[in-house]
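I opened a new notebook page for this structure. My plan was to look up a few places and write down what I found.

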Amino acid sequence: MNRRRFLGFATGGMVAATAGTPLTAEAGEQLITEETSYALTRPAYIDQAHLVVTDLGLVSGFYQSMLGLKVIEETASGEVLGVGALPLLTLTTAGNAATAPRNAAGLFHTAFLMPNRNELARWLRHAAHNNVALDGASDHLVSEAIYLSDPEGNGIEIYADRPHEEWKFHQDGMVEMATQRLDLQALYNSAPDDRWEGMAEGTAIGHLHLQVGDIPQADAFYRDVLGLKLMARYPGASFFATGGYHHHLAANNWNSRGATARTDNMTGLSDYRIRFNDKAALDAAVSRLDALEVKSEKRDGGVFLRDPWGIGLTLSA
């Protein structure tokens, strides 16, 4: 299933996700403000992603001009992009970088979470005025999302969550989601007529959606090894999160059924970081890795490991 089919999949149908309760800040935990997106207040969330590209200038230029990210740091092999001083996306390249086939395990999309609907509308206005090609748009009830791709085919979602208190919960503790048509014209019309100067403070990576080779294997790794909660299912896809968010990670095999491990020089998603607000939750995750004898190592201020498809991830607090 390609991204366009995903956008129209199960229109009018519902998928379910387990509800959670908000965290309260305690001593030693990250201070949570009223402006912080709900996704980032959970026990753990997606912090950063790292893509390997073949044309650094072209791809970086796209994320700067079309998405409004800024270069925070230049490295020997690439650049770190983000919002303000907050790094979100690392882009690197190498002479031996090999273009990943479409059916390889890796990235389905990186989902950039706007701090509010107004900022989503402002980005849409910018996109429309700069002829940004969109793959589609969806109303998921809990969020409104716009889909596109970067110049090398890496999927992107730009979205805003509806307030958590507006999510509809069932008696069994499940939250209602759907994939319905998003009224882009109405969203565009709601945007203020002002100068857009890039992504607003508070923008973050709300979730990552991955392509994997096998869904039961993904469940076994992300749920049973990492301890994320299975929140929802589509045919051929699972959605995982912490703390009752609709999903911090998703995995599907629509394009990649049977895919094997990625090679080190393959373009696309190389690795990403999961940051824990709760140090005890990080310690429990690391203890679970040790108990299951999952290979890991201390690296870059956290614990680094790879999923069954060679996608790297770092757990940190």
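**Entry 1: terms and ground rules**

I took helices (H or I, at least four residues) and strands (E, at least two) as DSSP runs, numbered from the N terminus. This is a predicted model, where local features need pLDDT of at least 70 and side-chain atom pairs count only at pLDDT 80 or more, while totals for chains, interfaces and linings use all residues. Residues are numbered from 1 along each chain as its sequence is written, and side-chain values use heavy atoms, with hydrogens and water left out.

**Entry 2: the whole protein**

I counted secondary structure and got six helices and 19 strands. Of the 317 residues, 53% count as buried. I then looked at contacts, meaning heavy atoms within 4.5 Å. Among contacts between residues at least 6 apart in sequence, 70% join residues at least 24 apart. For the accessible surface I noted about 13800 Å², with 49% of it belonging to carbon and sulfur atoms. Those areas come from the Shrake-Rupley method with a 1.4 Å probe, and for residues only the protein chains shown count as cover.

**Entry 3: helix 3**

I checked the length of helix 3, residues 117–129. The expected span is 1.5 Å times one less than the number of residues.

Which residues of helix 3 are buried? I listed Glu119, Leu120, Ala121, Arg122, Trp123, Leu124, Arg125, His126 and Ala127. They pack against helix 2 (56–65), strand 8 (143–149), strand 9 (155–161) and helix 4 (184–189).

At the start of helix 3, a side-chain oxygen of asparagine 116 comes within 3.1 Å of the backbone nitrogen of asparagine 118. Just after the helix, asparagine 131 has a positive phi of about 55°.

**Entry 4: salt bridges**

I searched for a side-chain nitrogen of Lys or Arg within 4 Å of a carboxyl oxygen of Asp or Glu. The whole structure holds twelve salt bridges.

One of them joins arginine 122 and aspartate 194, at 3.2 Å from N to O. Arginine 122 lies in helix 3 and aspartate 194 in the loop between helix 4 and strand 12 (204–211), so the pair ties together parts that are 72 residues apart in sequence. Arginine 122 is buried at 12% relative accessible area. Aspartate 194 is partly exposed at 41%.

Next I took arginine 162, which bridges to aspartate 139 with the closest N and O atoms 2.9 Å apart. Arginine 162 sits in the loop between strand 9 and strand 10 (174–177) and aspartate 139 in strand 7 (residues 136–139), so this pair ties together parts 23 residues apart in sequence. Arginine 162 is partly exposed, at 23%. Aspartate 139 is buried, at 13%.

Arginine 162 also bridges to glutamate 144, at 3.5 Å between the closest N and O atoms. Glutamate 144 is in strand 8, so the parts tied together here are 18 residues apart in sequence. Glutamate 144 is buried, at 4% relative accessibility. Shared partners join Arg117, Asp139, Glu144 and Arg162 into one network of salt bridges.

**Entry 5: histidine 248**

I found histidine 248 in the loop between strand 14 (237–241) and strand 15 (249–252). Is it buried or exposed? Histidine 248 is buried, with a relative accessible area of 4%.

What does histidine 248 touch, leaving aside neighbours within four places in sequence? Its contacts include Ala39, Arg42, Tyr45, Gly206, His207, Leu208 and Phe240. Isoleucine 46 is 202 residues away in sequence, yet 6.5 Å away in space, C-alpha to C-alpha. The side chain of histidine 248 reaches the backbone oxygen of alanine 44 at 3.5 Å. A polar atom of that side chain also lies 3.3 Å from the backbone nitrogen of threonine 242.

**Entry 6: aromatic rings**

I paired rings of Phe, Tyr and Trp (its six-membered ring) if their centres lie within 6.5 Å; planes under 30 degrees apart are stacked, over 60 edge-to-face, and the rest tilted. The count is eight aromatic pairs. In one, phenylalanine 221 and tyrosine 222 have ring centres 4.9 Å apart and planes at 90°, so the pair is edge-to-face. Both residues are buried. Ring pairs also link Tyr38, Trp167 and Tyr245 into a cluster.

Notes:
Buried means under 20% relative accessible area, exposed over 50%, partly exposed in between (1.4 Å probe, protein chains only). A polar contact is a pair of N or O atoms within 3.5 Å; within protein, one must be able to donate a hydrogen and the other to accept it, and residues adjacent in sequence count only if both atoms are side-chain atoms.
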